[in-house]
Structure formats: structure tokens, C-alpha cells
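Visitor: Could you walk me through this one? I'd like to start with how burial is defined and then look at the fold.
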Amino acid sequence: MREIEIKILDVSRKETEGKLTGLGAKKIFDDDIHAVYYDFSDKSLRNGKTAFRLRREGNRSVLTLKTHVENSEAKVRDEIETVVGDFSVMRSILEAVGFQVWLEMKKHRVTYELSGVHFEFDKYHDRYEYIPEFLEIEGTDIETVYDYAEILGFRKEDCKPWDALQVAEYYSERGIEK
């Protein structure tokens with residue numbers, strides 16, 4: 001599956017949620033997410049712009065492999081994922097066969113869905129709690145993602161093709177990091 005998304009920083013969640021529900025969007029998720037990213041000791045996955053992640057999304061656990069697709073307008077990844085039965089057991093297996101944790105992130109996510117497009121409000125915890133809540137829009141093509149950003153009142157310049165670490169770096173460079 002191909003994942004196409006952008007992030008919009010410094011949003012008013014209340015105002016944006018009002019616009020989304022006014023358009024008929026339905027809330028489909030409101031829970032915590034715990035993500036653990038793995039790599040080999042030689043960092044070959046990261047060096048190859050590939051992410052290998054185990055994530056607990058509320059009560060569901062998912063193992064995902066994401067490969068980078070070059071694009072300057074949006075964050076585009078080809079994604080293969082599967083639901084796994086037990087987060088802790090899968091974590092133990094991955095680490096027992098030699099995968100190393102290089103990043104661990106926790107956040108609260110609220111997701112709305114409208115016509116197959118996901119609108120996700122993310123607020124990080126722990127080490128990344130200094131990042132203000134932001135909006136991520138994910139769809140099946142770049143045009144749809146940007147169309148919905150515009151419908152919600154955002155400009156193309158507001159839409160960042162960043163991953164979570166780039167968002168963290170953005171705020172850290174501005175002295176927002178604690």
C-alpha cells in the first residue's frame with residue numbers, strides 16, 4: 001500500500017475538528033500509540049531510507065515496513081504491514097533475533113476519516129512532549145491531500161512533507177525543546 005501524507009503544524013484542534021465534523025468526518029480512533037523502530041547494527045535500514053516499526057495502537061499491535069518514495073510535496077512511503085497478536089512478545093522476538101531499537105515514541109492520536117482520507121491529531125509524550133499537537137492528513141494521492149488541506153483553510157506552504165523526527169528537529173531548532 002502507498003502512504004501519502006503531510007503534516008500541518010500549529011493548528012487549532014478545536015477549530016479544525018469543527019470543520020471536519022461539519023464536512024461529515026467520523027472519529028475512528030482516540031487512544032495512545034507506542035511505536036518502536038528497529039534497525040540492524042549497521043543502520044542499513046535507516047541508511048536505505050527504510051523504516052521497520054512495531055506499534056501498539058490502542059489494543060491493536062502492527063508490524064510495519066516502510067520504504068521511502070522520493071517526493072518533495074508529501075511524505076510518500078510504500079508500506080507493508082500486518083497485525084500481530086502481542087506487542088510485548090513480538091518486541092521480544094525482534095530483539096532476540098538481533099534487531100536493535102533506535103527510536104521509541106509515544107503519543108496520543110485522534111483520527112477522523114472522510115472519504116478514505118485520514119486526519120490525525122498527534123500529541124507526543126515523554127521525550128518529545130515539547131512538540132505542540134499537529135495535524136497529519138493522509139490520503140491515496142497528493143492532490144486529494146492538498147485539496148483537503150485547502151478545504152480546512154490551510155495553504156500549500158503550511159503542508160510539510162516531514163516525518164516525526166523532522167517535526168521534532170523543527171521545534172528543537174526554535175528552542176521549544178525542554
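Guide: A residue is called buried when its relative accessible area is under 20% and exposed when that area is over 50%, with partly exposed in between. Please keep in mind that this is a predicted model.

Visitor: How does the radius of gyration fit with a compact globule?
Guide: The chain has a radius of gyration of 16 Å, which agrees with the value near 16 Å for a compact globule because that is what 178 residues would give. Its C-alpha trace spans about 50 × 35 × 30 Å along the principal axes.

Visitor: And which elements make it up, in what order?
Guide: There are five helices and nine strands, and from the N terminus on they run β-α-β-α-β-β-β-α-β-β-β-α-β-α. Of the contacts between residues at least 6 apart in sequence, 61% join residues at least 24 apart.

Visitor: Switching topic, where is Thr16 found?
Guide: Thr16 belongs to helix H1, which covers residues 13-23.

Visitor: Why is Thr16 classed as buried?
Guide: Thr16 is classed as buried because its relative accessible area is 4%, and the cut-off is under 20%.

Visitor: So what is Thr16 in contact with?
Guide: Setting aside neighbours within four places in sequence, Thr16 is in contact with Val11, Phe121, Leu135, Leu152 and Phe154. The C-alpha atoms of Thr16 and Phe119 are separated by 9.8 Å, although these residues are 103 apart along the chain.

Conventions:
Residues numbered from 1 in each chain as written. Predicted model: local features only at pLDDT ≥ 70, side-chain atom pairs only at ≥ 80, totals over all residues. Heavy atoms only, no water. Helix = DSSP H or I, 4+ residues; strand = E, 2+ residues; numbered from the N terminus. Rg over C-alpha atoms; globule rule 2.2 N^0.38 Å. Contact = heavy atoms within 4.5 Å. Buried < 20%, exposed > 50% of the residue type's maximum accessible area, 1.4 Å probe, protein only.
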